[in-house]
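Hi everyone, thanks for coming.

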Amino acid sequence: MYVDNFLLKNLLQKVEKRNRLKLLLPWLETRVHEGSVEPATHNALAKIYIDSNNNPERFLKENQFYDSRVVGKYCEKRDPHLACMAYERGQCDRELINVCNDNSLFKSEARYLVRRRDPELWAEVLHENNPFKRQLIDQVVQTALSETQDPEDISVTVKAFMTADLPNELIELLEKIVLDNSVFSDHRNLQNLLILTAIKADRSRVMEYINR
């Protein structure tokens, strides 16, 4: 059955206000099976799956048609982890950073930033005015970089720390990459950068790095 987009949105808004969206589940799923790609239909399905805990993670990862900002906002108070998934899928940078900061999800934020590889976004979160900078850096060093095997992830992250002029934090980062048996332990440029950064920021550690 064809339903005009405006009428569809209006119908779904009214039903949602009455907390009756779930009653439309069979009809919405039928529309999807018939090839519907309207975001309103898929947004409504996402909300139903989230509220009923019907494998929402799979839907948020695999569905191509829902609006990431709409669904992410819907998730924020219900499950901020799901909000992060929706925002990441749509590359909603500011929304994802805000929900991570509000809920102390610095591990999720760190993983996103490393995968996102956006120098401007890195500059924003590493700015001295960011009150969550230290918590974020800890998770970048301890978790996000340890999990990646992509040299481009490493390259962009290291450059971001250099651009932000954070030599001590850069040493932490490089130690984790070069000294902790990662796949990049034998990377000559990273080894040299660690030594050069130590010469500028912490000379007492230079010989230790050279001998390692």
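Let's begin with two helices: α3 passes α5 in a right-handed crossing. Here, right-handed says that the near helix is turned clockwise from the far one by less than a right angle, and left-handed says anticlockwise. Helices are DSSP runs of H or I with at least four residues, and strands are runs of E with at least two, numbered from the N terminus.

A word on where this comes from: it is a predicted model, so local features need pLDDT of at least 70 and side-chain atom pairs count only at pLDDT 80 or more, while totals for chains, interfaces and linings use all residues. Residues are numbered from 1 along each chain as its sequence is written, and side-chain values use heavy atoms, with hydrogens and water left out.

Back to our pair. The axes of α3 and α5 (residues 68–75) are 10 Å apart, at an angle of about 25 degrees. Axes are lines fitted to C-alpha atoms, for helices over the stretch in contact, and angles run from 0 to 180 degrees between N-to-C directions. So α3 is roughly parallel to α5; that label covers angles under 35 degrees, with over 145 roughly antiparallel, 65 to 115 roughly perpendicular and the rest oblique. Which residues of α3 and α5 make the contact? From α3 they are N43, A46, K47, I50 and D51, and from α5 they are V70, V71, Y74 and C75. Contact means heavy atoms within 4.5 Å.

Next, find V99 in helix α7 (residues 93–102). Is V99 buried or exposed? V99 is buried, because its relative accessible area is 2%; buried is under 20%, exposed is over 50%, and partly exposed is in between, using a 1.4 Å probe and protein chains only. Leaving out residues up to four places away in sequence, V99 touches E76, P80, A83, C84 and Y87. Take P80: V99 is 19 residues from P80 in sequence, and their C-alpha atoms are 6.7 Å apart.

Last stop, two loops. Most residues other than glycine have a negative phi. N19, though, has a positive phi near 55 degrees, and N19 sits in the loop between α1 (5–17) and α2 (25–33). N19 counts as exposed because its relative accessibility is 67%. R117 also has a positive phi, near 55 degrees, and lies in the loop between α8 (106–116) and α9 (119–125). At 31% relative accessibility, R117 counts as partly exposed.
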